Amino acid sequence: MQRSMRWVTCLLLAAALAACGSEDDNQDEDPKDLPEVDCSETVPTFDEVSAFSDVCTNCHSTGLSGEDRNGAPSRINWDDYQSAQANAEDGAEEVFEGDMPPPGSGLTLSNAQKQELYLWALCGTPE
Ligand code: HEC
């Protein structure tokens, strides 16, 4: 009885449809959503990951402060090996989910650049 009442409410309130179908809303919570990589491929070193130098460091760089960071957290810098290593999995996840580089930034990564980043981040983060 209660269940069918709930469905009626959902059907009547068009605005409530999103709330009623909310099962998929928490997808980016842990466990991490990471791409599959084959670590037997050649894993690039930190300096070889062109995504970091070409794209990520436009905001996430030790050389940038204040507004020049465009809101990028000061603890995450992709020109600094320690920071990059500490945030490697998060970085791969953000890129995999299409959240980094930020969709509104006008910056993009090629598939090859993404693959390079995933291999580095998920296969031992070689320096
Ligand atoms: C145009 C500026 C910009 C660029 C380019 C950029 N970021 Fe970010 N990044 C941000 C901002 C702003 C935040 C904080 C807000 C957020 O999490 O969306 C952030 C947050 C993050 C976080 C933390 C996310 C979290 O939820 O804790 C990671 C990890 C990250 N970026 C990785 C990257 C990687 C990897 C690249 C390159 C592929 C990149 N970012 C490129 C602006 C940028």
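# Ligand site, loops and aromatic pairs

User: Is Asn70 buried or exposed?
Analyst: Asn70 has a relative accessible area of 59%, where buried means under 20%, exposed over 50% and partly exposed in between, computed with a 1.4 Å probe on protein chains only. This is a predicted model, in which local features need pLDDT of at least 70, side-chain atom pairs count only at pLDDT 80 or more, and totals for chains, interfaces and linings use all residues. Residues are numbered from 1 along each chain as its sequence is written, and side-chain values use heavy atoms, with hydrogens and water left out. By its 59%, Asn70 is therefore exposed.

User: In which loop is Asn70 found, and what is its phi?
Analyst: Helices are DSSP runs of H or I with at least four residues, strands are runs of E with at least two, and both are numbered from the N terminus. On that numbering, Asn70 belongs to the loop between H3 and H4. Although Asn70 is not a glycine, its phi is positive, at about 55 degrees.

User: How many residues surround the ligand, and which are the closest?
Analyst: A residue is counted here if one of its heavy atoms lies within 4 Å of the molecule. The shell divides into 13 nonpolar, 5 polar and 2 charged residues, with Ala, Val, Leu, Ile, Met, Phe, Trp, Tyr, Cys and Pro taken as nonpolar, Asp, Glu, Lys and Arg as charged, and the others, Gly among them, as polar. The count of surrounding residues is 20, and the closest are Cys56, Cys59, His60, Asn70 and Met100.

User: At what distance does a polar side-chain atom of His60 lie from a nitrogen atom of the ligand?
Analyst: A polar contact is a pair of N or O atoms within 3.5 Å; within protein, one must be able to donate a hydrogen and the other to accept it, and residues adjacent in sequence count only if both atoms are side-chain atoms. For the polar side-chain atom of His60 and the ligand nitrogen, the distance is 2.8 Å.

User: Where does the side chain of Ser105 reach a backbone oxygen, and at what distance?
Analyst: Ser105 is found in the loop between H5 and H6 and is partly exposed, with a relative accessible area of 33%. Pro101 also has its place in the loop between H5 and H6, and the peptide bond from Met100 to Pro101 is cis, with omega near -10 degrees. The side chain of Ser105 reaches the backbone oxygen of Pro102 at 2.7 Å.

User: How many aromatic pairs does a search of the whole structure find?
Analyst: Rings of Phe, Tyr and Trp (its six-membered ring) pair if their centres lie within 6.5 Å, and planes under 30 degrees apart count as stacked, over 60 as edge-to-face and the rest as tilted. Over the whole structure, the number of aromatic pairs is 7.

User: What kind of pair do Phe52 and Trp78 form?
Analyst: The ring centres of Phe52 and Trp78 are 4.9 Å apart and their planes stand at 10 degrees, so the pair is stacked. The pair links distant parts of the chain, 26 residues apart, with Phe52 in helix H3 (residues 50–54) and Trp78 in the loop between H3 and helix H4 (81–86). Phe52 is buried at a relative accessible area of 3%, and Trp78 is buried at 9%. By its plane angle of 10 degrees, the pair is therefore stacked.
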